[in-house]
Amino acid sequence: MLQKTYDKIRNLFQGGTGYLRTTELLSAGITTLQLRQLLDDGSLEHVTHGIYWWKADHRPKPKNYKYLELQMANPNSVICMESALYLLGFLKKEPSDIRVATSRTDRSRMHMNFPIRRHYFAERSIREYVQQVETPAGPVSVYSIDRSVVDCIRLRNSIDPELFQKILTTYKKKKDKNPDVFYAYANDMGLQRVAAECLSR
């Protein structure tokens, strides 16, 4: 590869967040063969389908980059359950697997370079109680704390029991929780009795 071509590609990445889509690179005149060369020599990282990160200058990735990369991989996805609780500062320790919700009809590919657990939520609830967390490279969609705790109760069998109890204990002590949202969503999910029992322990 010619040095001027390498420098052109480098400048494209450095001019933004460090991430670029294949479509952006192709429209700038970069060929798939050139991208392959940069992948082979370690200058590029293939983040997920159609998205690349510039590695050559050892630029650190943005804080919470995994969540951002998930959002780039599927803009309709929402970070959920204990992963949302971590991103919102409710939990201090980051879960080993990132939980992400998509609608049941969403079949977008989400092959990431880190472990994820994908949950398919009903269309009627997928956009309820969503908020944005700002990152240095763009916003990430997450469920609110109140909804996320209910989702943890709903899928409690998939959560480590010690962590599940910590989530309940922390939520009960939380001064700015929103019981109206908690019980409205729990009722929508048919979990009002179970949710009430969990918080009364």
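These legends walk through several close-up views of one predicted model. As the model is predicted, local features need pLDDT of at least 70 and side-chain atom pairs count only at pLDDT 80 or more, while totals for chains, interfaces and linings use all residues. Residues are numbered from 1 along each chain as its sequence is written, and side-chain values use heavy atoms, with hydrogens and water left out.

**View 1. The whole chain, for orientation.** The protein chain has nine helices and eight strands; helices (H or I, at least four residues) and strands (E, at least two) are DSSP runs, numbered from the N terminus. Its C-alpha atoms fill a box of roughly 65 × 30 × 25 Å, taken along the principal axes. Of the 201 residues, 45% count as buried, where buried means under 20% relative accessible area, exposed over 50%, and partly exposed in between (1.4 Å probe, protein chains only). The chain exposes about 10600 Å², and carbon and sulfur atoms supply 49% of that; accessible areas come from the Shrake-Rupley method with a 1.4 Å probe, and for residues only the protein chains shown count as cover. Of the contacts with a separation of 6 or more, 56% come from residues 24 or more positions apart, contact here being heavy atoms within 4.5 Å.

View 2. Strand β2 covers residues 44-48, and four of its five residues are buried. Four bridges tie β2 to β3 (residues 51-54), and the two run antiparallel; strands pair if DSSP finds at least two bridges between them. Look for histidine 46, whose bridge partner in β3 is tyrosine 52. Two residues sit between the strands of this hairpin, and glycine 50 takes a positive phi near 80°.

View 3. Most residues other than glycine have a negative phi. Buried or exposed: which is histidine 58? It counts as exposed because its relative accessibility is 71%. Asparagine 64 has 21%, so it counts as partly exposed.

View 4. Six of the six residues of β5 (98-103) are buried. In a regular strand the side chains alternate between the two faces of the sheet. Here both faces are covered, with Ile98, Val100 and Thr102 buried on one side and Arg99, Ala101 and Ser103 buried on the other. Strand β4 (residues 78-79) pairs with β5 in the antiparallel sense over two bridges, and isoleucine 79 has valine 100 as its bridge partner. Threonine 102 stands opposite tyrosine 120 in β6.

View 5. Aspartate 106 lies in the loop between β5 and β6 (116-121). Why does aspartate 106 count as buried? Because its relative accessibility is 10%. Not counting residues up to four places away in sequence, it touches Asn74, Asn76, Arg118 and Tyr120. Leucine 68 is 38 residues from aspartate 106 in sequence and 19 Å from it in space, C-alpha to C-alpha.

View 6. Ring pairs link Tyr6, Phe13 and Trp54 into a cluster. A charge sits over a ring if NZ of Lys or CZ of Arg is within 6 Å of the ring centre and within 35 degrees of the ring normal. By that test arginine 107 sits over the ring of tyrosine 120, 4.8 Å from its centre, and lysine 177 sits over the ring of tyrosine 171, 5.8 Å from its centre.

**View 7. The largest nonpolar core.** A nonpolar core is a set of buried Ala, Val, Leu, Ile, Met, Phe, Trp, Tyr and Cys residues joined through side-chain atoms within 4.5 Å. The largest one has 29 residues, of which Leu85, Val149, Ile153 and Phe182 touch the most other members. Two or more residues come from each of α5 (81-87), α6 (145-154), α7 (161-173), α8 (179-188) and α9 (192-200). The largest share, five residues, is from α6. Apart from this core lies another, of 20 residues, including Tyr19, Met112, Val140 and Val142.

How values were computed
Phe/Tyr/Trp six-rings, centres within 6.5 Å; stacked < 30°, edge-to-face > 60°.
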